[in-house]
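Trainee: I have a new model on screen. Please show me how to read it.

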Amino acid sequence: FLRDIHTIIFKQWLLYQKKDYYNLYLNEKDHDVIIIENELCYSYITFNPQDIIELCVMNKTTDEMEFYLHFQFKTLKHAISLFEEMRNCIQKIVNKPKCRILLCCSGGMTTEFFAQKIREAIQILSLNIEVAAVGYQKLYQEGLNYDVILLAPQVSYVSLKEEKVLKNQLVLKIPPQI
């Protein structure tokens, strides 16, 4: 009897656990489910019969389950600690840095075609990578905002100069065979 009451209290407590990196709300169709969602993950907390609670976090980018746990409610302290584990998982997904790659050639047309092919592969593989392309004249203007600079063969002769100027970026040459 008391476990049922404590489970209800835990459910009500959860509804007040809002954070800026996710939206939390009660499922309109099933009031035994609390949804936690943001642009990167879809999560839910389900309250089942016999005070069994399910916690699940799905990564929207990879369509994989990042966290799953079900347990029977015993104490409020234990339930809160498991919810905190779930919330930590959501926060890790949100805080995972995106690798930013800039491709550079003389005018930007060749590398834009190459960048589009890389974007297609990134989408298929569900990677957390952003790719853009520029002409050499915009390299300094844009390059500081990226983690990796890939120089096309026609501008690869300036790689030593670019490494000195773009000290915080990894500057690499695209092999001509590619």
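Trainee: Is Cys-89 buried or exposed?

Mentor: Buried means under 20% relative accessible area, exposed over 50%, and partly exposed in between (1.4 Å probe, protein chains only). Cys-89 has a relative accessible area of 13%, so Cys-89 is buried. Cys-41 is buried too, at 1% relative accessibility. A word on the source: this is a predicted model, where local features need pLDDT of at least 70, side-chain atom pairs count only at pLDDT 80 or more, and totals for chains, interfaces and linings use all residues. Residues are numbered from 1 along each chain as its sequence is written, and side-chain values use heavy atoms, with hydrogens and water left out.

Trainee: How many disulfides does a search of the whole structure find?

Mentor: A disulfide is a pair of cysteine sulfur atoms within 2.5 Å. The search finds zero.

Trainee: Which residues touch the most other members of the largest nonpolar core?

Mentor: A nonpolar core is a set of buried Ala, Val, Leu, Ile, Met, Phe, Trp, Tyr and Cys residues joined through side-chain atoms within 4.5 Å. The largest here has 24 residues, and Ile-45 and Met-86 touch the most other members. Helix 2 (76–95) is among the elements that each supply at least two core residues. Its share, seven residues, is the largest. Helices (H or I, at least four residues) and strands (E, at least two) are DSSP runs, numbered from the N terminus.

Trainee: What does Ile-45 touch?

Mentor: Contact means heavy atoms within 4.5 Å. Not counting residues up to four places away in sequence, the partners of Ile-45 include Leu-14, Ile-53, Phe-83 and Met-86. Another core, of twelve residues, lies apart from the largest one; Leu-102 and Ile-149 are among its members.

Trainee: Where is Gln-50 found?

Mentor: Look in the loop between strand 3 and strand 4. Phi of Gln-50 is near 65 degrees, a positive value in a residue other than glycine. Asp-51 lies in the loop between strand 3 and strand 4 as well, with phi near 60 degrees. Now compare accessibility. Gln-50 counts as exposed at 62%, whereas Asp-51 counts as buried at 11%.
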